[in-house]
Amino acid sequence: FKDGSKKTLGVMLVGEYEFNTLSRELIEIISGKLNLKLKDDNQWKLITSGMEFNIPKKSSFKLEVLEIVNYSCSYFED
């Protein structure tokens, strides 16, 4: 964006994924269903349409996508 902020839109297919972050991220689930496990968590959390979650900078997280997910991800440099 003109102000320097970054945002992506995407689709995740059913499957298992692991991501690493450089900056803090806010992920908003537009549609679909997934399980989320943050780097330091022991348990999975169910995330569905209309929910969002934050990922700390320099971290990682795992996803088990249960049905196709449409999402928006905002990136923050703080």
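Reader: How many salt bridges does a search of the whole structure find?
Author: The model is a predicted one, in which local features need pLDDT of at least 70, side-chain atom pairs count only at pLDDT 80 or more, and totals for chains, interfaces and linings use all residues. Residues are numbered from 1 along each chain as its sequence is written, and side-chain values use heavy atoms, with hydrogens and water left out. For a salt bridge, a side-chain nitrogen of Lys or Arg must lie within 4 Å of a carboxyl oxygen of Asp or Glu. Under that criterion, the number found in the whole structure is one.

Reader: Which residue meets Asp-78 in a salt bridge?
Author: Side chains of opposite charge can pair when their charged atoms come close. The N to O distance here is 3.0 Å, and the partner of Asp-78 is Arg-24.

Reader: How many residues apart are Asp-78 and Arg-24?
Author: Asp-78 belongs to the segment after β6, whereas Arg-24 is in strand β3 (strands are DSSP runs of E with at least two residues). The pair thus links distant parts of the chain, and the separation is 54 residues.

Reader: Is Arg-24 exposed or partly exposed?
Author: Exposed means over 50% relative accessible area, buried under 20%, and partly exposed in between, with a 1.4 Å probe and protein chains only. Asp-78, at 53%, counts as exposed. Arg-24 has a relative accessibility of 25%, so this residue is partly exposed.

Reader: Which residues make the nonpolar surface patch of about 380 Å²?
Author: Such a patch joins nonpolar side chains within 5 Å, from residues with over 30% relative accessible area and no salt bridge. Areas come from the Shrake-Rupley method. The patch is made by Val-11, Leu-13, Val-14 and Ile-68.

Reader: Where does Leu-13 lie, and what is its relative accessibility?
Author: Leu-13 is found in the loop between β1 (6-12) and β2 (15-20). Leu-13 counts as exposed because its relative accessibility is 53%.

Reader: Which loop holds Lys-58, and what is the phi of this residue?
Author: Lys-58 is placed in the loop between β5 (52-55) and β6 (60-76). Most residues other than glycine have a negative phi. Lys-58 is not a glycine, yet its phi is positive, at about 50 degrees.

Reader: What is the relative accessible area of Lys-58?
Author: Lys-58, in the loop between β5 and β6, is classed as exposed. The relative accessible area of Lys-58 is 67%.

Technical notes: Helix = DSSP H or I, 4+ residues; strand = E, 2+ residues; numbered from the N terminus. Patch = residues over 30% accessible without salt bridge, like charges linked within 9 Å, V, L, I, M, F, W, Y side chains within 5 Å. Areas by Shrake-Rupley, 256 points an atom, 1.4 Å probe, with all protein chains shown as cover.
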